[in-house]
Amino acid sequence: MSDDLPIRKIIHVDMDAFYASVEQMDNPDLKGKPIAVGGGGKRGVVSAASYEARKFGVKSAMAGNLASKLCPDIIFVRPHFERYTEISKKIRTIFYDYTNLVEPLSLDEAYLDVTENKKGNPSASLIAEEIRKRIYNEVGLTASAGISTNKFVAKIASDYNKPNGQKTVNPEEVIAFLEALDIRKFYGVGKVTAEKMYQKGIFTGKDLKQKSMEYLDVNFGKSGRYYYHIVRGIHNSEVKPNRIRKSLAAERTFSKNLSSEVFMLGKLEHIAEEVCKRLNKSNVAGKTITLKIKYSDFSLQTRSKTLPYYINDKNIILETIKDLLYQEKLSNSVRLLGISLSNLNTETKKKPEQKSVSVQLRFEF
């Protein structure tokens, strides 16, 4: 790591199988059993799986019928998002007892910058341990944590000793930690990119580090520069307490495939209504409307249109969506439709970034 980079103490807290764990906590009969939050059968999709189900290979985004084949005893549970949100708020209240620099990524994970913290505790590792203990005692759930000098390494580390564990990667350990890591573990390297790297002889962080900036630019485009820096422990993104929302969406998977645009209009009206509710709740509007279509063969298509003004009106959204729907013929029957709004007016409200403050390299982690 470069000595002139700001050194921070970052914790990434990740709840263990959050949705499934909440369901098991609320219904003791489900404890110790393989459960999947979501729908079973041909049309259902797993939103989350308990660790008991994961042992059989069940994971999120998997089709319900495949989950049933892998784990014949699996129990499907209807999701209760209001309950998950309620629990998430309790957990965040604990975070704010330690620092105001909390950046939630979703209901079940967040970054915390504890370089300077409300407890005056110099050890980020001890803070993470205390937070995890409080979550268990006050909420009833287990969490895992990663602790390091930046968000990238902390996020990878949080997955290291799951469930109900934590890992600290000290400043002097970062490079060796990243060099030894399988390239698939790098946050931001997806399945397709990992396969491409394998084909080019890049299997570990050490292999990646041997490639020049030019090589990575040529072979991986805009992401090349990102890979070049992260493998050297350079990821200077600050924990941002007020993350700017960039899009807002709603979608629906249907129990039967839809083969005609006429049948889709009613469904799209309900989806547009849900999008508007979320827009109004967040007090935002957007210019770019996108129609998402997933066909029965699981191929995906998106069609977008950008308006010259910000909108959050259901009728305008629906009229635009109709234009996009009839823009070209459907290539197959449809299993899912979604509507999203991006290019939001939140992006005009961005605050100027604060300058980073350098901290001495040698301190207790």
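In which sense do strand β9 (residues 247–258) and β12 pair, and over how many bridges? In this predicted model, the two strands pair in the antiparallel sense, and 8 bridges connect them.

**View 1. Strand β12 and its pairing partners, β9 and β10.** Strand β12 spans residues 334–344 and is mostly covered, with 10 of its 11 residues buried. On the β9 side, where the pairing is antiparallel, S247 stands opposite S342 in β12. Strand β10 (residues 286–295) also runs antiparallel to β12, to which 9 bridges join it, and here K294 stands opposite L336 of β12. When following the side chains, the reader may keep in mind that in a regular strand they alternate between the two faces of the sheet.

**View 2. Helix α10 and the residues on its buried side.** Within this helix, which covers residues 213–220, the buried residues are M213, L216, N219 and F220. Seen down the axis of α10, these buried residues fall within an arc of 145°, so they line one face of the helix. The face turned away from the buried side carries E214 and V218, which are exposed. Among the elements that cover the buried residues of α10 are α8 (191–199), α9 (205–209) and α11 (223–230). Just after the helix, G221 takes a positive phi of about 60°.

**View 3. An aromatic cluster that includes F220.** F220, one of the buried residues of α10, forms one aromatic cluster together with F152, F186, Y226 and Y227. In total, the structure holds 11 aromatic pairs.

**View 4. Charged side chains placed over the rings of Y98 and Y228.** K119 lies over the face of Y98, at 5.2 Å from the ring centre. In the case of Y228, the charged end of R232 sits over the ring, 3.8 Å from its centre.

View 5. With its neighbours within four places in sequence left aside, Y84 is in contact with F18, Y19, V22, E23, V37, R78, P79 and L107. One of these residues, E23, makes a polar contact with Y84 from side chain to side chain, at 2.5 Å. T306 stands 222 residues from Y84 along the chain, and the C-alpha atoms of these two residues are separated by 34 Å.

Conventions. Residues are numbered from 1 along each chain as its sequence is written. This is a predicted model: local features need pLDDT of at least 70, side-chain atom pairs count only at pLDDT 80 or more; totals for chains, interfaces and linings use all residues. Side-chain values use heavy atoms; hydrogens and water are left out. Buried means under 20% relative accessible area, exposed over 50%, partly exposed in between (1.4 Å probe, protein chains only). Helices (H or I, at least four residues) and strands (E, at least two) are DSSP runs, numbered from the N terminus. The arc is that of the directions from the helix axis to the C-beta atoms. Contact means heavy atoms within 4.5 Å. Rings of Phe, Tyr and Trp (its six-membered ring) pair if their centres lie within 6.5 Å; planes under 30 degrees apart count as stacked, over 60 as edge-to-face and the rest as tilted. A charge sits over a ring if NZ of Lys or CZ of Arg is within 6 Å of the ring centre and within 35 degrees of the ring normal. A polar contact is a pair of N or O atoms within 3.5 Å; within protein, one must be able to donate a hydrogen and the other to accept it, and residues adjacent in sequence count only if both atoms are side-chain atoms. Two strands pair if DSSP finds at least two bridges between them.
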